[in-house]
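Reader: Please walk me through this model feature by feature. I want the rule first, then the case.

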Amino acid sequence: MRKITILLISILVMVSCSANTGRNGSHEVTKPEDLEGCTAGCIAGSLVDLNFEELCPGAIKQVYNNSVDLLTALDNGRVQFTVEDTILVLGIDPNLHPIEPLCRVPDIDGDIAAAFRKSDAALCARFNEFLAGIKADGTYGAMRDRWISDKYTVSEMPEIETFTEGQPLVVGTMVQIPCFFIKNGEWVGFEAELMKRFAAYLHRPLEVEAYDFSALMASLKTGVINVWCSFITVNEERSKEVLFSDPYYFSPVMVFRKATASQAADIPFYKKVSNSFNNNILVEDRWKMLLDGLWETIVISFFSLLFGSLLGALICLLRMSGNRFLSNFAKVYVEILRGVPMLVLLMVMFYLVLSSTGLSGRWVAVISFAINFSAYACEIFRTGIGAIDKGQTEAGLAMGFTRVGTFFNFIVPQALKNILPVFKNEAVSLIKGTSIVGYVAIQDLTKTSDMIRARTFDPFFPLIIISIIYFFLAWLFGKALDRISKKIA
Amino acid sequence: MITVKHLSKVFDDKEKPFMVLRDVNCEIKRGEVISIIGPSGTGKSTFLRCLNRLETPSGGEIIVDGVNILDKNTDISAVRRKMGMVFQNFNLFNHLSVLENVTTGPVKLLGMSRAEAEKQALELLKMVGLAEKAGAMPSELSGGQKQRVAIARCLSMKPEIILFDEPTSALDPTMVGEVLSVIRQLARQGMTMAIVTHEMKFAKDVSTRIFFMTDGVIYEEGTPEVIFNKPSKVATTAFINKIRGIDFTLTSRDCDFPGMDSAIEAFCSKYAIAEDVSEKIKNIVRQMIAEIIPMNGRVVINVDYSEKKDRIYISFFCENCREAILSDDRVATIFDARIRPLCMTVHDDPDGSNRLVRLKIGC
């Protein structure tokens, strides 16, 4: 087992290292129009993304979900330039990832503000009131000095009063240094402090949920979050959809390029790996985050499998019942669910169907995965049972067993043998499939690795670690099921 | 013990409902051994399966010990415990050992202790000659052994009557004997039995009464003496005379001709029928399918060999097609030109059922 693990790690690391060669847009760039013909990256849903054609005519756009992926793309040459808010590059260690600003994009940069629902004007007003207060008493200035500077540093969060009673203030954000990120298991950063202080001002507890930038608008509008605070630039389009507070920052948008090489090349391979391990896993107890994420993944997988199998058995029962209506219902149910992508189902459940129930993301995910899994489980059960000769049922009935008695005494034990291997496959693919729950702000294994990546700007190492963890999870689960099936056989 | 009145059964085939049992009436008394014989496809197995409601009859009454088992309120499981059944395909529980096959019923349904059930099972297995196979799995047994275990399993429930549904039809000829001798032994012990079988000699030896079924009714019944030696009705006589036959069921003209040809060849060689006769049979069957019979329903072709008279009879059955053929001059011309010269006699249907024609060929 150990050999396999080592092999796996080395393959993944080699792949990640070999990707580090690429082209460079080396000509002079003094205005965004100079990007014509070059490849430029931006963040999905940002104003740069939305207005890219006017800002950089003739440039080829590539869209990334967060600033880490964007930086990685720049690092390994997938994009020659990035166009993003200057604040997004503040947390990047210039020794590891040297980048240089080239020019401003004047048409786009602007005020940064928090967004509220249009119907939530009262909360917005309280925020403005609060903002004016901290600007007046000097707190705001201290916050800026603490978090936003030209130098690569990560500061400590000051003590702020927290409340546990009452309606929580749910803030939706995107993990991003220096605005909102995790240190020692706590949310820290400029905006994190702002929101923490705001919650204290309201005497309400604070809840933070991390989404991709592009999912935040929907989360705010459907009421999943109360405040959208992820360094959003105020503009007209957005003002039609949401209510912006007074601005709390002004951020220029700039074009960046990879600066000329650093000395990183002559560090030996094993040293690099151990550095990465230290940085991504040990520092600030990040392994604890991973453990929490793993636990979340296990909980979601376990309950999805459990409920999914039970529901699948029920649907299978309907499908095989003599009643035409019930059996057609089950048939349509299975057909539809097998045709809907899991992510779409999850989103629909989270933002539409279950959004008003107040159910936490974890249970929405469990319900969605269980429903999806039930369709497959139903078919697995049905074919497994169908493969058993009708004569077995007849023999049981003729002896005087009831239908139910026959089914459980003679059909189920034989069907299980057919079912378990296929079931195992489907279950393992469910476990791996849960890696998409980060889309609805659940901090599972994959999402925690994303958060670590956002913090350390290491594009690969956390991914390698979690792929190994997923592998072991699936492997252990498979072993357990094999054990069960051996016992039955 | 069992009284059957006006039993009928229609299979709900989507396009054409198919009436297998039309009007079955009979009585089975305690201690009787009844053999049910008759041509294939005449509802013998269906009738037997109706008796313990594995098939749900469409009409009529079945009264077992004074209880109408077609009544919805009847506890059918309780009735089935008194009526064992032995299947053509054995249907042993594949995941259980031989011993477990014979103990499961008594333990789970009769409340017997495991030790007691195992003791009884070993006795029964000894009776059928398979005590040493108690620990084996069904997949390790031959067909004949499986069927004997199935009989032991059936006996483990201490049934008052056993229904045998063609118990030897799925067996190699070498294994038929071992199963029949177990059934004979049961008959000697006075077990009440109803046996659907094609083993005529066995039926004659073992039965107290014979039901001859054809066309969905019990056409004639009587002691083996009467049925086999002096049957009173035409069809019974015909059946007894020509008990050797094969048949094919077709639903369209695109049938498996090579398969049919080889079945006919095998049949002919089995009874040492000359090759030219075999060619003649194949020729007739092919031409009838290709040119004469309108394929608007199920068609059954029956090829029978009567050893006594050394004749081949080919009968064609089809539903609702007599009219169409009789009124079509073209078909009649083809028939007269191509088929009639090949036959000794052409026998139009005498019984008014759905038989189209019966052709007699000399050997």
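Reader: Which residue is the bridge partner of Val83(A) in β13(A)?

Author: First the general idea. Strands of a sheet pair through backbone hydrogen bonds, either parallel or antiparallel. Two strands pair if DSSP finds at least two bridges between them. Strands are DSSP runs of E with at least two residues, helices are runs of H or I with at least four, and both are numbered from the N terminus. Here, Val83(A) has Val255(A) as its bridge partner in β13(A). Strands β3 (residues 81-85) and β13 (residues 253-258) of chain A run antiparallel and are joined by 5 bridges.

Reader: What should I know about the origin of the model and the numbering?

Author: This is a predicted model: local features need pLDDT of at least 70, side-chain atom pairs count only at pLDDT 80 or more, and totals for chains, interfaces and linings use all residues. Residues are numbered from 1 along each chain as its sequence is written, chains are lettered from A and ligands numbered from 1 in the order in which they are written, and side-chain values use heavy atoms, with hydrogens and water left out.

Reader: In what order do the 5 strands of the open sheet in chain A lie?

Author: The order is β2-β1-β3-β13-β4 in chain A, with mixed pairing. Neighbouring strands are turned by 35° against each other on average, direction ignored. For angles, axes are lines fitted to C-alpha atoms, for helices over the stretch in contact, and values run from 0 to 180 degrees between N-to-C directions. Helix α4 (residues 67-75) of chain A packs on this sheet. That helix touches β1 (39-43), β2, β3, β4 and β13 of chain A, and its direction makes about 155° with that of β3(A). Contact means heavy atoms within 4.5 Å.

Reader: How many residues of chain B are in contact with chain A?

Author: 21 residues of chain B contact 16 residues of chain A. Buried area is the accessible area (1.4 Å probe) that two parts lose on being put together, summed over both. Chains B and A bury about 1,600 Å² between them, 61% of it on carbon and sulfur atoms. In chain B, Arg80(B), Phe93(B) and His95(B) lose the most area to chain A, together 34% of what that side buries. The rule finds 1 salt bridge across this interface. Glu394(A) forms a salt bridge with Arg49(B), the closest N and O atoms being 2.6 Å apart.

Reader: What is the strand order in the open sheet of chain B?

Author: Its 4 strands run β2-β1-β4-β5, with antiparallel pairing. β2 (18-28) and β5 (67-68) of chain B each have a single partner strand, so one side of each is left without a neighbour in the sheet. Strands β1 (residues 2-11) and β4 (residues 59-64) of chain B pair over 5 bridges. Val4(B) stands opposite Ile62(B) in β4(B).

Reader: Where are the backbone exceptions?

Author: Most residues other than glycine have a negative phi, and most peptide bonds are trans. A cis peptide bond joins Ile177(A) and Pro178(A), with omega about 0°. Pro178(A) lies in the loop between β6 (169-173) and β7 (181-183) of chain A. Asn91(B) is not a glycine, yet has a positive phi of about 50°.

Terms used: A salt bridge is a side-chain nitrogen of Lys or Arg within 4 Å of a carboxyl oxygen of Asp or Glu.
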